[in-house]
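Let's take a walk through this one, chain by chain. Have the viewer open as you read.

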Amino acid sequence: MAAEKWVYMVTAQTPTNIAVIKYWGKRDEVRILPVNDSISVTLDPDHLCTVTTVAVSPSFDRDRMWLNGKEISLSGSRYQNCLREIRGRAGDVEDKEKGVKIEKKDWEKLHLHIASHNNFPTAAGLASSAAGFACLGIVLCLSVSSWVFSLAKLMNVDEDASHLSAIARQGSGSACRSLFGGFVKWEMGSKEDGSDSVAVQLADEKHWNDLVIIIAVVSSRQKETSSTSGMRESVETSLLLQHRAKEVVPKRTLQMEEAIKNRDFASFTQLSCADSNQFHAVCLDTSPPIFYMNDTSHRIISLVEKWNRSEGTPQVAYTFDAGPNAVLIARNRKVAVQLLQGLLYYFPPKSETDMKSYVVGDNSILKEAGLDGANSVENLQPPPEIKDNIGSQDQKGEVSYFICTKPGRGPVVLPDQTQALLDPETGLPK
Amino acid sequence: MAAEKWVYMVTAQTPTNIAVIKYWGKRDEVRILPVNDSISVTLDPDHLCTVTTVAVSPSFDRDRMWLNGKEISLSGSRYQNCLREIRGRAGDVEDKEKGVKIDKKDWEKLHLHIASHNNFPTAAGLASSAAGFACLVFSLAKLMNVDEDASHLSAIARQGSGSACRSLFGGFVKWEMGSKDDGSDSIAVQLADEKHWNDLVIIIAVVSSRQKETSSTSGMRESVETSLLLQHRAKEVVPKRTLQMEEAIKNRDFASFTQLSCADSNQFHAVCLDTSPPIFYMNDTSHRIISLVEKWNRSEGTPQVAYTFDAGPNAVLIARNRKVAVQLLQGLLYYFPPKSDTDMKSYVVGDNSILKEAGLDGANSVENLQPPPEIKDNIGSQDQKGEVSYFICTKPGRGPVVLPDQTQALLDPQTGLPK
């Protein structure tokens, strides 16, 4: 076998997702089974995604993984569980062109190289490093969905996306929702073995085309409590969590499914905001208390709440995950432009910041907002509906940058070899 | 009657109080009846108090009130309810020295002048209305020779402001939610007096706030209407906590006292966050203080300091004894130093003898502070000047008292008008 040097690879891209009905608390720490359902919106991978290349070769002597260029250990139980589950479902693979033929039974003896890279638009002062990405507050193990999907393709696993999601779930709960585009629900399931704790698609990314998403990446001095330990502490110490899980979320989940199905933005907003706030309320009700949102997060909420009330019907929904970043969902492009103008008025960039690195992702919105010229921010008028309670305009630096995106598609294979992260000859990172 | 110019006055002082099991939510907005019990610690009126002078005279043509020197309207239902309830219980009064004799039946025809003064700024967010209504009711009860005990008086004060009822006692106080519709059993009772747990030292960090706060009255109403967690808290959590807190106070069990106080403060703020629109009373500075205390408590193995926050960003920190309070103050001043050229005696007020014990009474003493060893740098750097406006050092204190000294009266004894 040592003479065999072929390397067989697949590269895939997966999106991230943001929960609008939150997952917070496990009933089973090993299988990663949640105490309630959750619902998410998948974000456009053109703006935020993970690319993973997986390779197999008889010349590999052990499983290895690289994340954002840095080798990491695969010994943790989460990685081991995912690898075992995927290998258990591997099929026959034949690539005549490459002269590669792998039979089902061969997989258990073969080793894998996995390289993942989180892509996000580079912004002022931030490198596309793991540390830079971490500032987005998006859990790094969302890349789990990326390599589970890639491995499934590599190994010709004959399972649908929901079954794959059950495997990804064992690597990281919220990762299971990234196996689909559009609007996704992670059904909590009731079986002890977790076989019915899967993600399902509620609607695809074209279903609600109008929505525009603006993420405010908020500067944070604090090192955040990790989701994994935070939610465990909440389950152990919050006297409100079980009530939320048993009484509140089941009803909200049904209402949210209806709201998504009917494109009912008012209900979508009321539910998203309420559930985000209740998740953070449970964090506060934990011992010791967990504070993910900060004063800037609160200012953004106040801005949106006041605007929604002054318009009579909601214009923007907000939701916050385990960090201070605001994910703002505008009902349409016109509203998104107004929202961006309001946000830039209250959170202007530091002097001499290039606007194209202060608003990234789909930054064509800058032109629509009249903000692509020099000094355009100084010319902004305060939004008429917002009273001065929000505070003054000189809060530079509170927001690191903004990302403009929208609901997006699910995982795809990337056939173009130039996007592969591993060298096709050596199977090592390029 | 117009020829009669006598003015009969009483001056009293009442403390303020801080809840450790929180009141948040009414089941009756008119009678001010709460959805759960609450428990508080009365603060030493030497440091924080309301003084009220109440006067009656046939020469007064209408009820009038001045608060901190400014005349205010008494037309609101809260004032009207308190005045009506107190007048309904007025008794006979005779002051031979002054030649004053008022029969029970005379009170309904007589008018009152009321002047109240808080010795702490309203902007400090230290719940001035609690002390204010308690003082109003207590002083009038003394003036009118009302034959009711403090618990019955608390039911009247309650109708002015819920938390005011707890200021009718010193030490540790419980406001029993009651079950009757008329609220006659929704009263404050004393759990233990101010001498019961002598060691405790209280440091209040008055935190700078840019925001105008949501008022408690409207905030708690919004919470009752929109929070899906509030009823669960009121029905399932608070009843058990109240019993545990009563035990902790009785036994001077500081560890339990801390666990319960911190948990209940955080749960109250959690319910505020669960409200629509969400209410944020605590800010980043409040959170930093909590982190500091939580880390310290965990590093010591057993809790040293309890924290609690009301409807604002101010931290009320309760240290288990003087030695701990000194260390706490040193830690707080390390992380929240005063702006340059601030006189320490105006940065730490109340019982500022603690400055000397902390070695902080000399010039530049703050710069010489060492970072507390147990606290990791997560709290943030030392250069957060101005986050805390000032500190107040106090302790559990006594209940309302009459001030017999005329020089402390806020109304002129001849005219009955503010001095």
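What percentage of the 419 residues of chain B count as buried? The figure is 58%, where buried means under 20% relative accessible area with a 1.4 Å probe, protein chains only. Bear in mind that this is a predicted model, where local features need pLDDT of at least 70 and side-chain atom pairs pLDDT 80 or more, while totals for chains, interfaces and linings use all residues. Residues count from 1 along each chain as written, chains are lettered from A and ligands numbered from 1 in written order, and side-chain values use heavy atoms, leaving out hydrogens and water.

Staying with chain B, its C-alpha atoms fill a box of roughly 70 × 50 × 40 Å along the principal axes. A compact globule of 419 residues would have a radius of gyration near 22 Å, so chain B, at 22 Å, agrees; the radius is taken over C-alpha atoms, and the globule rule is 2.2 Å times the number of residues to the power 0.38. Chain B holds 10 helices and 19 strands, which are DSSP runs (H or I, at least four residues; E, at least two) numbered from the N terminus.

Now over to chain A, where four strands make an open, antiparallel sheet in the order S2-S5-S12-S13; strands pair if DSSP finds at least two bridges between them. S2 (17–21) and S13 (199–203) of chain A sit at the edges with a single partner strand each, so one side of each has no neighbour in the sheet. Inside the sheet, four bridges join S5 (residues 38–42) of chain A to the antiparallel S12 (residues 183–186) of chain A, and Val41(A) stands opposite Phe183(A) in S12(A).

Note on methods
Buried < 20%, exposed > 50% of the residue type's maximum accessible area, 1.4 Å probe, protein only.
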